[in-house]
Amino acid sequence: MSGQPNTRLSDLFGLAGWSKGELARLVNKQAAAMGHPQLSTDTSRVRRWIDMGEIPRDPVPRVLAALFTERLGRVVTIEDLGLVRHGRTGKRQGDGNAEHPDGVPWAPERTAAVLTEFTGMDLMLNRRGLVGAGAALAAGSTLSSAMYDWLHADPTLKADAPVLDDPLHADPAGFDRYEAAPIGSQEIEELERSVEVFRAWDAARGGGLQRKAVVGQLNEVGGMLAYHHPPHLQRRLWGVAANLAVLAGWMSHDVGLEPTAQKYFVIAAHAAREGGDRPRAGEALSRAARQMVHLGRPDDALDLMKLAQSGAGERLQPRTKAMFHTIEAWAQASMGKGQAMRRTLGQAEDLFISDRQDLEPPDWMQTFKDEDLYGMQALAYRTLAEFDPGAAAHAQYYAEKALALRVDGRERSKIFDHLSMASACFIADDPEQADRYARLALMSMGSNSSRRTWDRLRQMYRLTAEYSGYPKIHALREEIRLVLPKPKGRADNSAQA
């Protein structure tokens with residue numbers, strides 16, 4: 001017992017709207033449903049948890065996490081409640097020590113447990129039809145300062161026996177969990193192939209339709225990681241976990257579950273680092289940076305990109321560096337820093353051309369091709385054109401080059417290119433061409449579950465107002481108004497990826 005109030009638990013308790021007595025009764029009921037009928041909690045115990053910082057014994061923290069997850073409609077973990085025995089407890093983000101301001105990073109042995117708990121909670125939200133949103137995003141500077149030293153150190157993989165009595169490996173909150181047992185290279189190969197299938201589906205159709213399947217697969221991999229395999233297998237399994245966590249994060253971002261997405265990106269960085277793959281950890285953080293630009297927080301994105309580039313280590317290939325620079329350039333464009341953006345895009349192009357692919361690119365980089373470089377250049381110039389209309393011509397040039405190469409079924413990227421082109425055409429005072437590309441985007445958006453494409457469409461729609469007197473554009477505006485989903489709690493002026 002710390003003697004200090006657990007402000008994390010107190011804040012969530014206030015959001016939930018329960019009385020202390022009501023929470024005590026719910027804990028007893030939920031514990032019995034999870035196989036702990038002997039547990040008995042009363043109002044005075046709840047008061048000690050909240051007001052005195054007392055940390056209850058297992059399974060109470062897991063029971064509370066399940067209750068708050070269901071009540072608030074978003075994933076709430078034991079860490080979120082301030083109920084982890086090792087480390088900081090009961091402090092708000094930003095109030096903790098400088099080394100770990102938000103419990104990030106967690107101890108290495110916690111990664112599999114955190115992964116499994118979080119995915120289990122996420123799956124519960126899916127099963128009960130709840131919406132996994134409503135939490136605040138951590139600032140990019142907060143994540144960067146917390147993870148810098150940790151990411152720059154190489155972990156030591158353990159190859160000892162399973163830790164069967166470790167409470168950190170207890171089943172989280174009554175969710176199904178893969179029984180800890182050894183697996184072989186054939187099973188890992190099958191998992192690696194499943195990642196490729198999920199990636200292809202996400203690129204073609206958007207993140208909404210397969211997100212639950214990816215989260216479920218990641219939940220099972222977390223259980224597999226509870227068993228300590230030989231180093232070469234454990235390393236590959238951590239790689240699978242990192243890839244799936246990035247996918248889960250990207251799919252969550254794609255459908256607007258932003259705090260959930262950020263958590264998955266951080267989990268992915270942890271998993272990659274546990275497997276000794278620092279470039280993969282850097283790429284996971286670059287996804288979080290792209291998310292920040294999309295949400296109109298380019299300064300946070302630049303903080304994360306600094307960490308992604310420095311933490312990725314010396315094994316970073318030129319093409320990966322080029323991709324990192326395109327994200328940095330997009331953030332700079334969002335801040336109206338045209339000179340810096342052009343310089344950064346020039347560096348990206350030089351690096352991309354210099355990559356002779358003497359080394360086999362990692363599987364997670366094989367989709368960053370010429371058209372993706374052009375698409376990001378188009379997006380950066382289209383974004384800059386909001387500050388400098390002269391940049392619109394460059395956006396049109398690169399979007400056209402990207403579209404000429406989009407032949408591999410990645411429909412979502414093609415939609416983004418069409419919208420970049422349409423927006424650039426409006427800014428360049430060419431409504432005829434803008435109408436054409438906007439309609440090409442609309443034709444594909446109905447079969448795509450990506451909320452980001454609709455966000456981007458809203459940005460383009462804003463540009464049509466100046467041309468509403470044109471019959472074609474008037475009709476386009478009416479058509480967009482009919483099909484555009486209502487925004488749910490997100491500002492209309494957010495940038496898009």
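Select aspartate 202 to begin: this residue is buried, with a relative accessible area of 4%. Buried means under 20% relative accessible area, exposed over 50%, and partly exposed in between, using a 1.4 Å probe and protein chains only.

**Before moving on**

This is a predicted model, where local features need pLDDT of at least 70 and side-chain atom pairs count only at pLDDT 80 or more, while totals for chains, interfaces and linings use all residues. Residues are numbered from 1 along each chain as its sequence is written, and side-chain values use heavy atoms, with hydrogens and water left out.

**Stop 1**

Aspartate 202 sits in helix 7 and arginine 412 in helix 17 (residues 411–427), so the pair ties together parts 210 residues apart in sequence. Arginine 412 is buried too, with a relative accessible area of 7%. A salt bridge here is a side-chain nitrogen of Lys or Arg within 4 Å of a carboxyl oxygen of Asp or Glu. Helices (H or I, at least four residues) and strands (E, at least two) are DSSP runs, numbered from the N terminus.

Now pick arginine 199 and aspartate 363. They form a salt bridge of 2.8 Å, N to O. This pair links distant parts of the chain, 164 residues apart: arginine 199 is in helix 7 (residues 185–205), and aspartate 363 is in the loop between helix 14 (338–354) and helix 15 (370–384). Arginine 199 counts as buried at 16% relative accessibility. Aspartate 363 counts as partly exposed at 29%.

**Stop 2: aspartate 58 and its neighbours**

Go to arginine 62 and aspartate 58. Their salt bridge has its closest N and O atoms 2.7 Å apart. Aspartate 58 counts as partly exposed at 45%.

Stay on aspartate 58 and look along the backbone. The peptide bond from aspartate 58 to proline 59 is cis, with omega near 15 degrees. Proline 59 is in the loop between helix 3 (43–51) and helix 4 (60–72).

**Stop 3: the whole chain**

Zoom out. The chain has 20 helices and zero strands. Of its 497 residues, 57% count as buried. The salt bridge count comes to 25. Contact means heavy atoms within 4.5 Å. Among contacts in the chain with a separation of 6 or more, 76% join residues 24 or more positions apart.

**Stop 4: leucine 316**

Select leucine 316, in the loop between helix 12 (298–311) and helix 13 (318–334). Is this residue buried or exposed? Leucine 316 is buried, with a relative accessible area of 8%. Show its neighbours: leucine 316 touches Pro279, Lys321 and Phe324, not counting residues up to four places away in sequence. Leucine 316 and arginine 280 are 36 residues apart in sequence and 9.1 Å apart in space, C-alpha to C-alpha.

**Stop 5: aspartate 429**

Next, select aspartate 429, in the loop between helix 17 and helix 18. Phi of aspartate 429 is near 65 degrees, a positive value in a residue other than glycine. Aspartate 429 is exposed, with a relative accessible area of 51%.

**Stop 6**

Two packed helices are described by the angle between their axes and the distance between the axes. Axes are lines fitted to C-alpha atoms, for helices over the stretch in contact, and angles run from 0 to 180 degrees between N-to-C directions.

Select helix 18 (residues 431–445) and helix 19 (residues 451–464). They pack at an angle of about 155 degrees, with their axes 12 Å apart. Helix 18 and helix 19 are therefore roughly antiparallel, a label for angles over 145 degrees. Show the side chains: Ala438, Leu442 and Met445 in helix 18 meet Thr453, Trp454, Leu457 and Met460 in helix 19.

The axes of helix 19 and helix 20 come within 11 Å and cross at roughly 150 degrees. This pair is therefore also roughly antiparallel. In this contact, Trp454, Leu457, Met460, Tyr461 and Thr464 in helix 19 meet Ile473, Arg477, Ile480, Arg481 and Val483 in helix 20.

Note on methods: Parallel < 35°, antiparallel > 145°, perpendicular 65-115°, else oblique.
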